[in-house]
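Here is a quick tour for anyone meeting this structure for the first time. Take a look at the sequence and the fold, then read on for the details.

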Amino acid sequence: MTKSNATELSRRNFLSGTGLVVAFSLAGLSPARAAATGEAEPSGSSAHLELPDDLQPFPSLDSWIKLTPDGRAQVLTGKVELGQGIMTALLQVAAEELDMPAHLLSIVTADTARTPDEGLTAASHSMQYGGPAIRLAAANVRMLLLRQAAQMLGVDETDLSTTGEATILAGNGHSIGYGAIAATLSLHVAAVADAPLRRPDTFRTMGQDFPRLDIPAKVTGGQSFIQDMRLPGMLHARVIRAPAEGMKLALPPRKEIEAMPGLHALVQNGDFVAVVCEKEWDAVRIMRRLMAGSSHRTGPAIPAGDIASLLKALPAQDYAIEQVSHPTASPVKRIKASYSRPWYSHGSIGPSCAIAQMVGSELTIWSHSQGIFDVRRVGSSLLDLPQDRIHAIHVQGSGCYGQNGADDVAADAALIAAAVPERPIRLQWMREQEFGWEPLGAGMVTEVEAGLDAQNRIVAWNYDVWSPPHNTRPTAANGVLAGWEVAKSFQPPDNKPIPMPAGDGSRNSSPLYALPNMDVNFHFIPKAPFRSSALRSLGAHLNVFSIESMFDELAVAVQIDPLDLRLNHMEDTRARAVMTAGAEAFGWHPRRKAGKFHGFGMGFARYKNLGAYCSVFMEITVEQDTGIISVQRAQAAVDCGEVVNPDGVRNQVEGGIIQSLSWCTQEELSYNADRRTSFDWSSYPILRFSDVPLDVAVNVLPMPGEPFLGVAEASQGPASAALANALADATGVRFREMPLTPEKVRKALVAL
């Protein structure tokens, strides 16, 4: 075989054991779990109902933990590192339950030949579902180590304890290391649900700040991302497409292309075209020459108009999300408003990239997709190749958090590698291709009507949300661009909404507040002018923005403190604690405005109404002449259940705030009747370092013994809402249509 050394090494490490031979049984997801491999919530359905969801289809301990005679452990997870720090947190969980120093552990993330299939790394599921699976698996391994040590030392198991140093100590002073036990112990046994977990008061690793495993290479210029990856003998490819989605490019005859200097191979299959070169610059040069040809739109023109008019004019499927009806007094004050957000690009700093290599009848794909097992499924479908002939390996990408072009480019690379076998093929989209072809974060619009009674209680709440899909993640060739372009093309799948409680456009559309009358409806738009899919927090971003903006509008209308109005309608004690903790840390009640164009705002949500609780408080100033908003302070409080890595939690909440501010104040896809027109950072601006809040603080509430709750997407909705509420407080003008650009703010202030 001529497969790259990198691949041979990874497989060799996997198959060779220096003490414990591991026989994986990766039987595939249960039907219920497979249905949740997108952004939905899992619902266990197997013979192991008492086990955590992700552990159910893979109950064998050797699917999750590997021990070696030198006293080390390897953790295997189907989740991937996207910059959210999950690799570090999951390693901490395993180290805690194994009662080993973290430096003796390593972790392998999603690899179809080595790890369990845990579906997508998405929807803040990694800690909520992957965390308990690894925790219980590790606790089972520790239990077996103690049981085996008792036999080897000739003592009763109750006389043994672990020391935290990969050693077991007997009451008589004798000890034995995990390595010596590992050589005699098989982990090819099913986990049991009642393996004892370590108590929070004995924790040595969980609950402690721990340095991120992925950071050193990223800050020292090391090989961190797939964009950095190089393999021996690698060829460089570029795919040739029209400038943007919905267009077709006219190409010169094949012979003319094949005569271009520097071309190694031309791959053409139906409308799919790619060039392959020894040198990357030759591929770029040829691509640019070919893309300079004429293009035309293949379908109807993209309709003009504001986002609300555009979306509400499209055919929609209506879903009742929540209907609550209790007798109350009639409203004496009503407010009706509409809120919206535009189409968003993911804006990944590194354009999507993949490497693929076909050797004989075996294909290896390196990808930064969030669903590496789905990459294998797509490749199998596209190439009509059995899944067991495809090895998909996750490599971190420079920018993600949703479905950008990663899955499309992995399929592109697989198709090219099959046509140009033996040598590794590196395919990277260009910046303009990423902006022109990736799935977008869906534009959305909401309409809210709320009413207060004479006692300032909210007694009426009518809520409607319109949205295209937020989850078109591919699981077969019919979900990727290449599948639509090949000669034997695949029909795109029908778009369907994600069911509640997760939802997609409906995510967080139902308020967590205790309201006596609610009518919440989702108008799902299956087909829209642009392909859309997951972008961090999905519909929760606008839904929380809308709900929390309306709460402030109601509070202002009846002159009640916005925090008090929220607390008056909140029965969930953990939600109240998060709002109160954030307010106290911020100094909410003693706040004082320093003059005109200075204001304060807050936002709150529990992500998906079943994940982490998060409140965000902000202080801002506004320049009257320019409309520029400066965030002076942002204070968050978060309850994510048992805290594994406090610094990691703070990092994710801070990052979510900054990302949300970028969406709220800067980002908006531009387009005309033919195509998208945002192709670079000048036409699609994002938040710069100079724009971030001057001070960001996160109060992480300790919740020992509580289940893990996903936190990475908890702050996006509250942060945008807090900014909008602070802007209304500072200017007296309510802004309801994102982005709240300086020009939009300036024009409103001039009109005052």
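This is a predicted model: local features need pLDDT of at least 70, side-chain atom pairs count only at pLDDT 80 or more; totals for chains, interfaces and linings use all residues.

Residues are numbered from 1 along each chain as its sequence is written, and side-chain values use heavy atoms, with hydrogens and water left out.

**Confidence**

- Averaged over the protein, pLDDT comes to 93, and 94% of the residues score at least 70.
- Residues 30-36 stay under 50 in pLDDT, and the model gives them 14 contacts beyond four places in sequence.
- Residues 1-28 also have pLDDT under 50, with 62 contacts beyond four places in sequence.

- Helices (H or I, at least four residues) and strands (E, at least two) are DSSP runs, numbered from the N terminus.
- Helix 4 covers residues 126-153, which is 28 residues, and its first and last C-alpha atoms are 38 Å apart, close to the 40 Å expected at 1.5 Å a residue. The expected span is 1.5 Å times one less than the number of residues.
- How much of helix 4 is buried? The count is 23 of its 28 residues, so helix 4 is mostly covered, where buried means under 20% relative accessible area, exposed over 50%, and partly exposed in between (1.4 Å probe, protein chains only).
- Just after helix 4 comes Gly154, with a positive phi of about 70 degrees.
- Helix 3 (residues 86-98) packs on helix 4 at an angle of about 30 degrees, with the axes 8 Å apart. That makes helix 3 roughly parallel to helix 4.
- Axes here are lines fitted to C-alpha atoms, for helices over the stretch in contact, and angles run from 0 to 180 degrees between N-to-C directions. Angles under 35 degrees count as roughly parallel, over 145 as roughly antiparallel, 65 to 115 as roughly perpendicular and the rest as oblique.
- Helix 3 passes helix 4 in a right-handed crossing; a crossing is right-handed if the near helix is turned clockwise from the far one by less than a right angle, and left-handed if anticlockwise.
- Residues making this contact include Ala89, Leu90 and Val93 of helix 3, and Gly130, Gly131 and Ile134 of helix 4.
- In the loop between helix 3 and strand 3 (105-108) sits Asp99, whose phi is near 55 degrees, a positive value in a residue other than glycine. Asp99 counts as buried, at 1% relative accessibility.

- The 12 residues of helix 10 should span 16 Å at 1.5 Å a residue, and its end C-alpha atoms are 17 Å apart, which agrees.
- Helix 10 is mostly covered, with 9 of its 12 residues buried. Among them are Ile372, Phe373 and Val375.
- What do those buried residues pack against? Their partners are strand 15 (362-367), strand 16 (390-394), helix 11 and helix 13 (481-485).
- Helix 10 (residues 372-383) and helix 11 (residues 406-419) pack at about 45 degrees, with axes 10 Å apart. That makes helix 10 oblique to helix 11.
- The contact involves Val375, Val378, Leu382 and Leu383 of helix 10, and residues including Ala410, Ala411 and Ala414 of helix 11.
- The crossing of helix 10 and helix 11 is right-handed.
- Just after helix 10, Asp384 has a positive phi of about 55 degrees.

**Helix 17 and helix 18**

- The axes of helix 17 (residues 646-665) and helix 18 come within 8 Å and cross at roughly 55 degrees. That makes helix 17 oblique to helix 18.
- Helix 17 passes helix 18 in a right-handed crossing.
- Gly656, Ile657 and Trp663 of helix 17 are among the residues in this contact, as are Ala719 and Leu723 of helix 18.

**Loops worth a look**

- Pro739 is in the loop between helix 18 (716-731) and helix 19 (742-750).
- Gln559 is not a glycine, yet has a positive phi of about 55 degrees. Gln559 sits in the loop between helix 14 (540-557) and helix 15 (562-568), and is exposed, with a relative accessible area of 76%.

Conventions:
pLDDT is the predictor's confidence in each residue, from 0 to 100. Contact means heavy atoms within 4.5 Å.
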